[in-house]
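Please keep the sequence and the model at hand while reading.

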Amino acid sequence: MARAALLHLLRHRSVATATAPLSAYKCLSSNSKTPSGIRWTSICRAFSSKAAVNNIIGIDMANTDSGVAVMEGKERLDPFSLVADELSLIANRLRSMVVAEVPNLASAAEYFFKIGAEGKRFRPTVLLLMATALSVRIPELPPAGVGDTLPTDLRTSQQRIAEITEMIHVASLLHDDVLDDADKRRGICSLNAVMGNKLAVLAGDFLLSRACVSLASLKNTEVVTLIATVVENLVTGETMQLTTASKQRFSMDYYMQKTYNKTASLISNSCKSIAILAGHTAEVAMLAFEYGKNLGLAFQLIDDVLDFTGTSASLGKGSLSDIRHGIITAPILFAMEEFPELHAVVDQGFKNPANVDIALGFLGKSSGIQRTKELAMKHANLAAQVIESLPESDDANVIRSRQALIDLTQRVLTRNK
Amino acid sequence: MTILFSRVVSRISGTPKKTFFNCPQLCQALVFGTSCRSPTDSTPKDKVDPFSLVAHEMSLVSKRLRSSVVAKVPELASAAGYFFKEGVEGKRTCSVVLLLMATAVDIHRPESPFCCIGDTWTIELRRRQQLIAEITEMIHVASLIHDDVLDDADTRRGIGSLSFVVGNKLAVLAGDFLLFRALRTLASLKNTEVVSLLVTAIENLVTGETMQMAATIEQRCSMEYYMQKTYYKTASLISNSCKAIALLSGQTPGVAKLAFEYGKNLGLAYQFIDDILDFTGSSASLGKGSLSDIRLGIITAPILFATEEFPQLHAVIEQGFDDPANVDTALEYLRKSRGIQRTRELATKHASLAAAAIDSLPESCSMDVRKSRQALINLTQILTARNK
């Protein structure tokens with residue numbers, strides 16, 4: 001049965017792209033768990049005839065957040081618009097790179113690129129900015145070509161890191177969403193329910209294998225090691241989330257380790273790869289790593305807050321998907337420190353909505369949200385400091401990119417979706 | 001035999017050998033007047049058993065593999081290590097081939113007659129080649145784990161499949177973990193060409209699986225499509241890793257290609273016999289095999305050949321094999337046709353091509369090298385003659 005559905009989906013691309021998004025949106029706007037804390041409702045929109053490029057690059061986000069703000073006489077450039085052209089180049093290359101010998105599978109994987117753009121191509125933006133920030137001049141954009149040829153220059157290979165990062169990210173979303181029979185019976189709706197378990201596995205494998213090929217083409221075994229470590233970390237993080245024994249769920253250390261694995265490792269190691277490709281010293285590479293790590297952690301911590309507060313400042317207005325799935329995040333962990341009674345509630349689990357309300361009650365009384373925001377701010381500031389520690393440069397592009405990277409650390413904190 | 005064994009052991013364990021055994025055959029021939037033609041070992045050719053020749057080394061490789069598949073999360077570690085436990089490792093034919101190939105291509109380059117390579121280099125090289133065997137096993141098992149999820153398979157290697165035991169999700173994650181642990185180990189060899197080869201194999205595995213799952217009826221009935229898919233799913237990994245072994249030895253592209261050809265043809269021959277056995281099982285008669293391919297709608301060489309003789313079989317294929325009556329119909333046609341025989345002939349042809357590749361390797365006087373080559377040739381016979 002599943003096989004027939006899978007084959008049907010594979011052979012009828014129009015079905016996959018036309019009807020799926022709408023039903024995905026419908027089921028996603030109800031309480032479904034999305035991996036890695038993606039804010040689906042903000043991203044999932046009915047397919048418009050607008051150039052797909054806009055959906056992916058997230059120019060929308062750049063526009064709504066008032067592109068250019070003048071502050072103290074210094075023009076603050078929007079980080080996303082600084083790299084917009086390059087991002088579209090990457091998006092096109094990604095698209096052509098996923099055309100495999102079996103086009104039907106490629107279209108299924110592509111579907112996820114359109115929707116899976118959490119943070120509106122946040123990661124590639126960081127990577128491209130980092131590449132410039134590390135003293136690489138932005139060359140004339142090369143003509144858009146198919147991604148399989150050997151990168152002839154540094155910038156192209158750094159762009160390739162951005163492509164690889166996206167492929168790995170989407171692949172991990174797909175695999176994280178694989179259902180066990182128990183989940184199917186509970187009717188958990190997800191990307192997977194829409195596309196079929198097997199397609200999710202296969203499309204994920206496909207993306208991972210293309211990422212490997214792209215990685216090998218960089219001819220740099222240190223970078224291969226870093227990115228391979230990322231996938232190991234992603235898997236470890238997801239397994240940590242799947243299988244936590246109760247004691248560990250209450251541990252802030254365990255939670256931070258899991259968060260590093262699931263969210264920060266990808267961006268930290270790819271930032272480091274950018275530096276390594278540019279031939280930087282181990283120290284500079286480490287700085288790039290630290291930026292990515294702290295930014296990633298800050299991002300996730302705010303994500304945790306938003307899951308409770310949503311776009312309002314008040315509790316309980318968020319999607320509450322983490323807690324409903326029994327995933328204990330920083331705000332609750334902090335609240336448990338102040339209110340040990342919360343332990344018992346957490347132990348009981350959150351299948352019973354009454355427990356969710358009780359937990360929210362405790363959370364409201366505690367300074368859990370506040371402390372999480374403070375922790376996020378701490379990491380965001382650490383990231384900003386790292387940029388300031390980079391070796392000096394008086395190149396205007398370099399300075400602008402570094403400013404943009406610092407700017408991003410603040411945007412991560414102030415976003416409300 | 002004991003001399004050979006001790007040479008193999010000392011090579012691996014690092015016991016320093018006397019210098020004159022290290023000199024290349026040219027040096028030896030000049031100094032000792034020995035000729036390549038005089039055999040120094042009387043073991044008959046067919047008694048050279050590939051599996052026992054590398055048995056000791058294999059157990060080292062397996063041990064190391066088990067200890068390298070570690071993870072911080074215990075559930076992940078045990079899921080990833082599931083198929084490396086003693087007793088469920090399978091025949092590890094791939095690793096056997098690679099270790100034999102490592103010796104078979106161990107030819108000292110003619111440009112340096114007095115190379116008298118230091119022991120450390122030899123040991124280091126061997127260790128790297130063993131790593132290729134480990135990496136290949138990890139990739140292979142990772143793909144098996146995912147295949148079982150995709151096929152809803154309950155059993156594998158006589159025990160429950162990983163997905164059956166720990167669930168689909170953890171199985172998929174464990175497969176990913178293994179694959180990228182393999183990639184990390186691969187990167188540690190610091191050889192970008194070898195990385196590219198194995199990565200190509202990884203990509204081919206996925207393409208092959210996709211070809212199998214997403215084929216249209218026309219494609220499923222096409223011999224060409226089937227051959228391509230079989231190369232991707234079965235032969236690509238072993239051919240590329242054989243080539244990697246040769247490259248690590250510093251071999252010429254010509255020798256590397258021969259190693260590739262051996263792996264490719266051996267892999268294909270293996271798969272064709274597998275296809276037959278799925279119909280016949282350990283008996284010679286049809287229908288006694290597990291018939292798992294056809295029940296899953298996977299059309300293999302015997303049926304493809306039968307369809308050439310009986311085009312009516314097309315219609316049955318189109319209907320699909322959920323209905324057991326169709327399976328019986330197909331078996332009937334198969335029985336009447338020469339499908340099984342022709343598949344066997346095809347397997348034999350590829351086995352011969354594999355053996356020919358070994359025969360084309362540059363001559364060597366070393367007894368180890370000759371023995372390994374003989375073992376590789378014998379392996380082609382063993383695999384085509386097997387009945388399970």
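At what angle do helix α10 (residues 168-187) of chain B and helix α11 (residues 192-214) of chain B pack, and how many Å apart are their axes? In this predicted model, the two helices pack at an angle of about 160°, and their axes lie 9 Å apart. That angle is over 145°, the cut-off for this class, and therefore α10(B) is roughly antiparallel to α11(B).

**Helix packing in chain B**

- Where α10(B) passes α11(B), the crossing is right-handed, and the residues that make the contact are L179(B), L183(B), L186(B) and A187(B) on the α10(B) side, with V194(B), V195(B), L198(B), V199(B) and I202(B) on the α11(B) side.
- Sorted by class, this contact of α10(B) with α11(B) consists of nine nonpolar residues, with no polar and no charged ones.
- Helix α13 (residues 223-248) of chain B packs against helix α14 (residues 253-280) of chain B at an angle of about 145°, with 7 Å between the two axes, and α13(B) likewise passes α14(B) in a right-handed crossing.

**Helix packing in chain A**

- Helix α9 (residues 122-133) of chain A and helix α17 (residues 282-309) of chain A pack at an angle of about 155°, their axes being 12 Å apart, and α9(A) and α17(A) are therefore roughly antiparallel to each other.
- The crossing of α9(A) and α17(A) is right-handed, and the contact is made by F122(A), V126(A) and M130(A) from α9(A) together with A288(A), Y291(A), L295(A) and F299(A) from α17(A).
- By class, the residues of this contact between α9(A) and α17(A) comprise seven nonpolar, no polar and no charged.

**The interface of chain B and chain A**

- The size of an interface is often given as the accessible area lost when the parts come together.
- By that account, chain B and chain A bury about 4,000 Å² between them, and 68% of this area is on carbon and sulfur atoms.
- On the chain B side, K169(B), F180(B) and M213(B) lose the most area to chain A, and together they account for 18% of what that side buries.
- In terms of residues, 40 of chain B are in contact with 42 of chain A.

**Salt bridges**

- Over all chains, a search of the whole structure finds 27 salt bridges, while across the interface of chain B and chain A the rule finds five.
- R184(B) forms a salt bridge with E232(A), in which the closest N and O atoms are 2.9 Å apart.
- In chain A, the side chains of K293(A) and E290(A) meet in a salt bridge with an N to O distance of 3.7 Å, and because these two residues are three apart in helix α17 of chain A, they are separated by about one helical turn.

Definitions and conventions: Residues are numbered from 1 along each chain as its sequence is written. Chains are lettered from A and ligands numbered from 1 in the order in which they are written. This is a predicted model: local features need pLDDT of at least 70, side-chain atom pairs count only at pLDDT 80 or more; totals for chains, interfaces and linings use all residues. Side-chain values use heavy atoms; hydrogens and water are left out. Axes are lines fitted to C-alpha atoms, for helices over the stretch in contact, and angles run from 0 to 180 degrees between N-to-C directions. Helices (H or I, at least four residues) and strands (E, at least two) are DSSP runs, numbered from the N terminus. Angles under 35 degrees count as roughly parallel, over 145 as roughly antiparallel, 65 to 115 as roughly perpendicular and the rest as oblique. A crossing is left-handed if the near helix is turned anticlockwise from the far one by less than a right angle, and right-handed if clockwise. Contact means heavy atoms within 4.5 Å. Ala, Val, Leu, Ile, Met, Phe, Trp, Tyr, Cys and Pro count as nonpolar, Asp, Glu, Lys and Arg as charged, and the others, Gly among them, as polar. Buried area is the accessible area (1.4 Å probe) that two parts lose on being put together, summed over both. A salt bridge is a side-chain nitrogen of Lys or Arg within 4 Å of a carboxyl oxygen of Asp or Glu.
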